[in-house]
Amino acid sequence: MPKFYITTPVYYVNDVPHIGHTYTTVAADVLARWRRLMKDEVFFLTGTDEHGAKIENKAAEMKLAPQQYSDEIAAKFQKAWQELNVSNDNFLRTTNPAHIRAVGKALQQMHDRGDIYLGKYQGLYCRGCEQYKSERDLVDGLCPDHKVAPEKMSEECYNFKLSKYQERLLALIKKDQIKILPVERKNEIVSFYEKEGLEDVSFSRKNIKWGVPIPWDKSHTTYVWADAFLNYLTGLGWDGKAKKSKIENLKSKMFMWPPTVQLMSKDILRVHTTIWPAMLLALGLPLPKTIFVHGYFKINGQKMSKSLGNVIAPGDLVKKYGTDASRFLVMSAAVFGHDGDISWEKFDDKYNADLANGLGNLVARVSNLIEKNNLELKIKLEVNGHLPLHKKYAALMAEFKFDEALKLLWQRLRQADETLSEKKPWAIKDAKAVEKILQPIAQDILNVAGLLKPFMPAIAEKIIAQFSAGQIKKGENLFPRI
RNA sequence: CGCGGGGUAGAGCAGUUGGCAGCUCGCCAGGCCCAUAACCUGGAGGCCGUGAGUUCGAAUCUCACCCCCGCAACCA
């Protein structure tokens, strides 16, 4: 049985879930559900990244302990995914004790191996924040909170020998051993390797309490990314022992390793194609097969941002359109891998056009005609993969072309509407003749519903149940117009 | 000369290997009346960012330029 291990990033709990997180997670769910239909053994992981100075500060602002704060935000992510009927097999929080233990062990191993060494971190330090600032945090060279110029300071920290892996990783990426998709993103990364190259990175920080202590030097705390990346392993129950012989450990799900697909947006692509695979090489573990990068949503042509106040939350979508329609709208909003522009208006239009007038109306008119004529059709869901529709759909799904896969199904629905207009079964008295027209159309609807399962699981099942019954009834309105 | 993406009908986008420029929404006209004021047919509307080149032929390949957007490692 083929294995399919898919991950989303662990989402940083500095913010509540928004439509960007939703996009990644629903896409991962669509793939997971599709591969399950194809009888693969699937493991689907998502979760939250909860450590680091930012969270420490944010929690303090809200007068909460970091753990308490993280609990609240993590719960919001979990609730969002439940509302969207996301079928993840695990939800890994980086504050999970087993994760923390494993991170400690992993770091110890990298240290023993000589890949982590004591070095120096230099940066701009704001005394007010008690924190290092990046250039981008500053406004006119000043700390935005304290209105003072941060000082150049340095402190000791543990560094990871990322530079050591430059050539190996570049070769692996070029040869598609780690396949980066779409290809323009691969080009971007290859060019980064060739023109800028890898430098060692800091893996620890002093003065940060909220995180995983460095096992051999508790005065240091693991820097968040070293901690966060390992979730992809600990989410399978990895215990931090890197020896290859342990991979087949049956108590954990480590037999699923490595990830078949890791989905993410472009902001975290670079670290996922540098630090992350380097850590795996350092731990002696196999690398992810494919990294797929999807685009960003702009909202009404503008960048989505809190300051603009245009952020769309998953809960708002579900409230307005329902679970399955929300999943459909998000997945069909853009070509997967490209940026897209969304708005409530566009969602409304798409909902009415494709779901209410399209799928919903067709299901209603066909089921109504069948019921009125008292027909008993001999149709059943065809799940074998050799029908042309299945084949085309499967090929598109394999290439992450969700929007085209959906278009393919909607072409079929449109054809059904055309056929009905042309043959006018409502004007025919002879039930046999009516049956001859409606049977293939009903069969198509059933097949389309079968392929719609990954995108709209509940609606698909409803349609399948409705059209698989001996007596097909008109049933309820699937998508009321907005 | 940092890296990458994009500029195609009123709006949003597709255009795989170069071969009469497409899709959805909107608009106009007609049809149908089974269905969720839905569905079907037809139509208007594009110097495919600008300029040059390669070619029998370019939205597609090459070069230059203009404009927009994202990323530029301690932002997770």
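Among contacts in chain A between residues at least 6 apart in sequence, what % join residues at least 24 apart? And please take me closely through the open sheet of 6 strands.

Guide: This is a predicted model, in which local features need pLDDT of at least 70, side-chain atom pairs count only at pLDDT 80 or more, and totals for chains, interfaces and linings use all residues. Residues are numbered from 1 along each chain as its sequence is written, while chains are lettered from A and ligands numbered from 1 in the order in which they are written.

Your number first. It is 75% of those contacts in chain A. Contact means that the C-beta atoms of two residues, placed from the backbone, lie within 7 Å.

Now the setting. Chain A holds 17 helices and 16 strands. These are DSSP runs numbered from the N terminus: helices are H or I with at least four residues, strands are E with at least two. The C-alpha trace of chain A spans about 90 × 50 × 40 Å along its principal axes. Of its 482 residues, 40% are buried. Buried means 20 or more other C-beta atoms within 10 Å of a residue's own; 12 or fewer is exposed, and in between is partly exposed (C-beta atoms are placed from the backbone).

Here is your sheet. Its strand order is β3-β2-β1-β12-β13-β7, and the pairing is parallel. Two strands pair if DSSP finds at least two bridges between them. At the edges stand β3 (90–93) and β7 (179–181), each pairing on one side only. Neighbouring strands are turned by 20° against each other on average, ignoring direction. Such angles run from 0 to 180 degrees between N-to-C directions, and axes are lines fitted to C-alpha atoms, for helices over the stretch in contact.

Strand β2 (residues 41–49) pairs with β3 in the parallel sense, over 4 bridges. Threonine 48 stands opposite arginine 93 in β3.

Strand β1 (residues 3–12) runs parallel to strand β12 (residues 261–265), paired over 2 bridges. Threonine 7 has glutamine 262 as its bridge partner in β12. Then β12 joins β13 through 5 bridges, again parallel. Leucine 263 stands opposite phenylalanine 292 in β13.

Go back to β3 for a moment. The loop between α3 (66–83) and β3 contains serine 87. Serine 87 is partly exposed because 16 other C-beta atoms lie within 10 Å. It touches Asp29, Ala32, Arg33 and Phe44, not counting residues up to four places away in sequence. Valine 30 is 57 residues from serine 87 in sequence, yet the two C-alpha atoms are 9.1 Å apart.

Helix α10 (residues 275–283) has 8 of its 9 residues buried, so it is largely enclosed by the rest of the structure. Among those buried are Trp276, Met279 and Leu283. The cover includes α4 (97–112), α5 (166–174), β8 (201–202), α7 (224–229) and α9 (269–272). Just after α10, glycine 284 takes a positive phi of about 70°.

How does the wider chain divide? There are two domains: domain 1 (3–115 + 164–202 + 221–294) and domain 2 (344–468). Their bounds come from an automatic or database domain assignment. The C-alpha centres of the two lie 38 Å apart. Their contact takes 8 residues from each domain. On the side of domain 1, helix α1 (residues 19–37) gives the most, with 5 residues.

Last, a second sheet. Its 3 strands make an open sheet in the order β15-β14-β16, with mixed pairing. The edge strands β15 (302–303) and β16 (340–342) have a single partner strand each, so one side of each is left without a neighbour in the sheet. Strand β14 (residues 297–299) pairs with β16 in the parallel sense over 3 bridges. The bridge partner of phenylalanine 297 in β16 is glycine 340.
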